[in-house]
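Hi,

Here is the structure I said I would pass on.

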Amino acid sequence: MEPLDTRGLVALRAVAEAGSVAAAATVLSWSQPTVNHHLRNLERRLGATLIDRSPRGSHPTSVGSLVVARATEILGLCDRLGAEVALWRESQAVPVRIGAVPTVGARVIPRLHDQLQARPRWQTRDEAVAGERTEVFTAALDVTMDEHAKLVSRLESGDLDLALLVSTDIDRTWIPATLNAAHLYSEQLHLCVPRSIGPIERDSHGMPDLAVLVSQTWAFSIDPGDAIDEVVRSFCLSAGFEPRVGMRMDDYAAINRMISAGLAVAMIPESSLSTDPDIEVIPMPLSACRRDVLLVSRSRSAASAGSRARHDPIVAAHDSAVAEVVADIRTVTAQWR
């Protein structure tokens, strides 16, 4: 089979984004005949019409839209390949793409970076002659901070190697079958309210009486499926009311300021508590709820395991870099277990 010329994919994607061949030529700094030449070659190679042309512009056909989606993936991999080779040339480092929800990432990623930097660049290989030392690769972090649902999607698509996610679901029923989750540590949750509200009574199990907050405004996450928000909602419903969400943000420092000003109440994990004297902090019983921090990765299929059995140095280097990062994540989070 004749290999694809990526210039045709570049031209098709540019036309789809710009809306015309002329606009695509401008974006690419190509001539219009050059864009048309690569589009025709791509259509000939695939045996399908990919562009509908009209006086109002050019747009992908139905099959063209499919090719645009695949072109975006292929060209993204090409860009990634170039970046990885450049990183290897400069520092013998293999990039490991890790995602994290912001509250966990802000706590773990700086310590993880320091841990990786502390590793020696020179190590003794097992297969080397005794005492011989040789330069080996190390892992370099490519970090994405994003919402939980988006990180799960990127893990499933292969766009991330690892993710630091949170869950209040003890059975972890939200985890797709394509992913594996390992528990790192747990955080106690705290109900934080303006001190002006006054004391909130707690039952014999330490559960606060949420009914007194029926008229209060809650600060929820931007992520509509946030684990802590779901816990809050279930507790409020059990107390006989639907929580009134008045603001959405993922910056706990900002949330604490809103609570201090009397503008909100919120459920906040232990690592993000404020010492502000105007905030009443009420620990929730661990038996009722907690926040688990999880290290999530893709499951390995039998097919992928078979491909690894045929020694591929690139795959082996990447797997070793991921294993290095996983080991260091466990090291830096051990203090919170």
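**A covered strand and what surrounds it**

Let's start with strand E3, residues 93–100, which is mostly covered: eight of its eight residues are buried. Before going further, please keep in mind that this is a predicted model.

Which way do the residues of E3 point? Ala93, Pro95, Arg97 and Gly99 point one way, while Val94, Val96, Ile98 and Ala100 point the other way, and all of them are buried.

E3 has strand neighbours to look at too. Strand E6 (residues 138–145) runs parallel to E3, and eight bridges join the two.

**The cores**

Leu164 comes up again in the largest nonpolar core, which has 35 residues; Val104, Leu162, Leu164, Val325 and Ile329 are the ones that touch the most other members. Which elements give two or more residues to this core? They are E3, helix H5 (102–117), helix H6 (148–157), E7, strand E8 (179–187), strand E14 (291–298) and helix H10 (313–333). H10 provides the largest share, six residues.

Leaving aside residues up to four places away in sequence, Ile329 touches Ile98, Leu112, Leu162, Leu164, Leu184 and Leu295.

There is also a second, separate core of 32 residues, and Phe220, Cys236, Met267 and Ile279 are among them.

While you have H10 on screen, find Ala323, which sits in that helix. Ala323 and Val96 are 227 residues apart in sequence, yet their C-alpha atoms are 9.7 Å apart in space.

**Charged pairs**

As a reminder, side chains of opposite charge can pair when their charged atoms come close. How many salt bridges does the structure hold? The count is ten, and a few of them are worth a look.

- Glu73 and Arg70 meet through their side chains in a salt bridge, at 3.2 Å from N to O. Both lie in helix H4 (residues 62–91), three residues apart, or about one turn of the helix. Glu73 is partly exposed at 48% relative accessibility, and Arg70 is partly exposed as well, at 45%.
- Asp159 forms a salt bridge with Arg154, and their closest N and O atoms are 2.6 Å apart. Asp159 is partly exposed at 33% relative accessibility, and Arg154 is partly exposed at 26%.
- Arg290 and Asp292 meet in a salt bridge through their side chains (2.6 Å, N to O). Arg290 counts as partly exposed, with 26% relative accessibility, whereas Asp292 is buried, with a relative accessible area of 2%.

There is a network to look up as well: salt bridges that share partners join Arg107, Glu187 and Arg291.

**Cysteines**

How many disulfides are there? The structure holds zero. Two cysteines to note are Cys236 and Cys289. Cys236 counts as buried because its relative accessible area is 0%, under the 20% cut-off. Cys289 is buried too, at 7% relative accessibility.

**The whole chain**

Finally, some overall numbers for your notebook. The chain has ten helices and 14 strands. Of its 337 residues, 40% are buried. The accessible surface of the chain comes to about 17900 Å², and 53% of that belongs to carbon and sulfur atoms. Among the contacts between residues at least 6 apart in sequence, 71% join residues at least 24 apart.

Cheers

Key. Residues numbered from 1 in each chain as written. Predicted model: local features only at pLDDT ≥ 70, side-chain atom pairs only at ≥ 80, totals over all residues. Heavy atoms only, no water. Salt bridge = Lys/Arg side-chain N within 4 Å of Asp/Glu carboxyl O. Helix = DSSP H or I, 4+ residues; strand = E, 2+ residues; numbered from the N terminus. Buried < 20%, exposed > 50% of the residue type's maximum accessible area, 1.4 Å probe, protein only. Disulfide = S-S within 2.5 Å. Pairing = 2+ DSSP bridges. Core = buried A, V, L, I, M, F, W, Y, C linked by side-chain atoms within 4.5 Å. Contact = heavy atoms within 4.5 Å. Areas by Shrake-Rupley, 256 points an atom, 1.4 Å probe, with all protein chains shown as cover.
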